[in-house]
Amino acid sequence: MQTFDVLVLGAGAAGLMCAAQVGQGSRARGWRVGLLDHSEKLAEKIRISGGGRCNFTNRVVTERNFVSANPRFARAALAAYTPDDFVALVKSHRIPFHEKHKGQLFCDRSSEDIIDMLAGECRDGGVHWLKPHAVQQVLYSDGVFRLDSTAGPLTARHLVIATGGLPVPKIGATDFGLRVAKQFGHALVDQRPALVPLTFDAAQWGGLTELAGVALPVRSRGSETQAPWFDEDLLFTHRGLSGPAILQASSYWNPGEPLALNLSGGEYTAETFTTHLLAQAQGSRAQADNWLAAQLPHWPRRLLQHWLALPDVAPWAQRKVAELGKKQLGPLAASVAAWAVRPNGTEGYKKAEVMRGGVSTADLQSKTLESRRIPGLYFIGEVVDVTGWLGGYNFQWAWASGVAAARGILSKNA
């Protein structure tokens with residue numbers, strides 16, 4: 001029997017952060033803090049993120065950058081541990097980093113720098129490593145958690161579930177955290193892949209497979225009422241659509257509903273883009289196809305050729321622009337500025353970056369992530385129904401929720 005004051009399950013971003021914080025904060029008290037993971041390698045999701053350079057946070061993070069049944073829930077933890085706090089930690093370890101567009105911060109060298117930093121912070125906190133080990137059963141009675149594991153029987157006064165979500169099963173993702181939550185009576189918000197490429201019915205997409213590899217900047221919006229517009233790049237694939245524009249919108253998309261795409265290069269609606277094209281066409285002696293290329297300079301040639309072959313465009317593509325009116329330019333403007341596409345699904349958890357849904361925030365304390373049902377039980381990171389945008393937001397939630405739980409544990413036992 002191994003006995004711990006605090007046992008963290010899951011050595012990913014949130015788990016490493018929580019274990020390090022509670023370990024360092026409790027050393028004077030002589031606490032025993034354990035960190036258990038089923039994998040020999042630490043934080044595989046950190047390792048592969050950001051193309052191997054880990055987009056570890058964003059300069060500006062608020063609860064508006066997250067999807068949740070209760071969008072305001074994340075506010076307390078995010079305010080208590082900010083991007084500046086994590087950047088200060090990164091700087092203290094002399095890890096070089098740089099900022100990409102829209103406040104995204106990446107390691108200059110490798111994601112390994114962040115993993116090594118967090119592992120070092122755990123060592124400084126005297127954290128006991130239990131890996132690779134799996135947990136078969138979690139029981140609770142008389143204020144103590146009892147676990148059956150491949151490391152033998154374990155007990156702990158505080159148990160932190162940081163086992164992540166369902167994406168990328170090839171690196172070991174499981175539903176363990178969701179099962180534990182359900183076992184102890186917590187409500188679950190329906191889970192589904194998020195930040196994920198979208199797919200289309202083969203018959204519907206057949207004519208667009210020739211555009212695979214084409215990319216361009218667009219505005220995208222999911223189907224949900226509260227969905228924001230995203231200004232990002234779109235990528236055509238053999239099976240559908242990908243790129244940051246689609247990944248962002250996918251978190252706000254419901255199966256069976258259309259996705260809105262604006263390929264005009266501006267904040268036009270179908271109506272205002274029609275007005276714009278009509279004004280540009282007046283007095284022009286250009287041929288329609290050449291003129292259209294000038295109106296959409298950000299379009300790759302393959303995309304333009306495809307659009308010129310559309311049934312609504314092909315009949316007049318070789319005519320003079322001055323001969324065209326609203327009857328011709330209206331449908332064209334709508335297809336460009338208000339392209340409604342209806343995906344038939346996603347690439348699933350194997351390609352998703354995160355999971356939407358998870359442990360309901362209604363059953364958790366917002367300042368500490370402690371269960372409202374079971375004292376001493378905490379859920380942090382991706383297993384919670386808090387899903388960030390692309391751009392470092394999910395890592396910031398991991399750091400902030402991990403710190404929130406650690407501070408909650410330490411304050412209860414001060």
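## Aromatic cluster

One aromatic cluster is formed by Phe200, Trp205, Phe236, Trp299, Trp307 and Trp339. The model is predicted.

## Second largest pocket

How much space lies in the second largest pocket? The volume is about 180 Å³.

Strand E17 gives the largest share, three residues. By class, the lining has eight nonpolar residues, three polar residues and one charged residue.

## Aromatic pairs

The aromatic pairs number 15. One of them joins Phe56 and Phe97. Their ring centres are 5.7 Å apart, with 80 degrees between the planes. This geometry is edge-to-face. Phe56 belongs to strand E3 (residues 55-58) and Phe97 to strand E5 (residues 97-99), so the contact ties together parts that are 41 residues apart in sequence. Phe56 is buried, with a relative accessible area of 0%.

Which arrangement do the rings of Phe395 and Trp399 adopt? Their planes meet at 10 degrees and their centres lie 5.6 Å apart, so the pair is stacked. Stacked pairs have planes under 30 degrees apart. Phe395 and Trp399 both sit in helix H13 (residues 393-412). They are four residues apart, about one turn of the helix. Both positions count as buried: Phe395 has 15% relative accessibility, and Trp399 has 0%.

## Charges over rings

Two contacts place a charged side-chain end over an aromatic ring. In one, the charged end of Arg29 sits over the ring of Trp31, 5.1 Å from the ring centre. In another, the charged end of Lys100 sits over the ring of Phe106, 4.5 Å from the ring centre.

## Cysteines

How many disulfides does the count give? The count is zero. Take Cys107. Its closest cysteine sulfur is in Cys54, 5.3 Å away, too far for a bond. A disulfide needs the two sulfur atoms within 2.5 Å. Cys107 counts as buried, at 0% relative accessibility.

Cys122 is also in no disulfide. The nearest cysteine sulfur belongs to Cys18 and is 9.3 Å away. Cys122 is buried, with a relative accessible area of 0%.

## Backbone details

Where is the cis peptide bond that involves Pro132? It joins Lys131 and Pro132, with omega about -10 degrees. Pro132 is in the loop between strand E7 (128-130) and strand E8 (135-141).

Lys102 is a residue other than glycine with a positive phi, near 60 degrees. It is found in the loop between E5 and strand E6 (104-107). Leu195 is not a glycine either, and has a positive phi of about 50 degrees. Leu195 lies in the loop between strand E11 (188-194) and strand E12 (198-199). Leu195 counts as buried, at 1% relative accessibility.

## Overall architecture

The protein has 13 helices and 21 strands. Its C-alpha trace spans about 85 × 40 × 35 Å along the principal axes. Of its 414 residues, 55% count as buried. Among the buried residues are Phe56, Trp399, Cys107, Cys122 and Leu195.

Conventions
Residues numbered from 1 in each chain as written. Predicted model: local features only at pLDDT ≥ 70, side-chain atom pairs only at ≥ 80, totals over all residues. Heavy atoms only, no water. 1 Å grid on protein atoms, 1.4 Å probe; cavity = no way out; pocket = protein on both sides within 12 Å on 5 of 7 lines; lining within 4 Å. Points joined across faces, edges and corners; volume = space filled by probe spheres on them. Helix = DSSP H or I, 4+ residues; strand = E, 2+ residues; numbered from the N terminus. Nonpolar A, V, L, I, M, F, W, Y, C, P; charged D, E, K, R; others polar. Phe/Tyr/Trp six-rings, centres within 6.5 Å; stacked < 30°, edge-to-face > 60°. Buried < 20%, exposed > 50% of the residue type's maximum accessible area, 1.4 Å probe, protein only. Lys NZ or Arg CZ within 6 Å of the ring centre and 35° of its normal.
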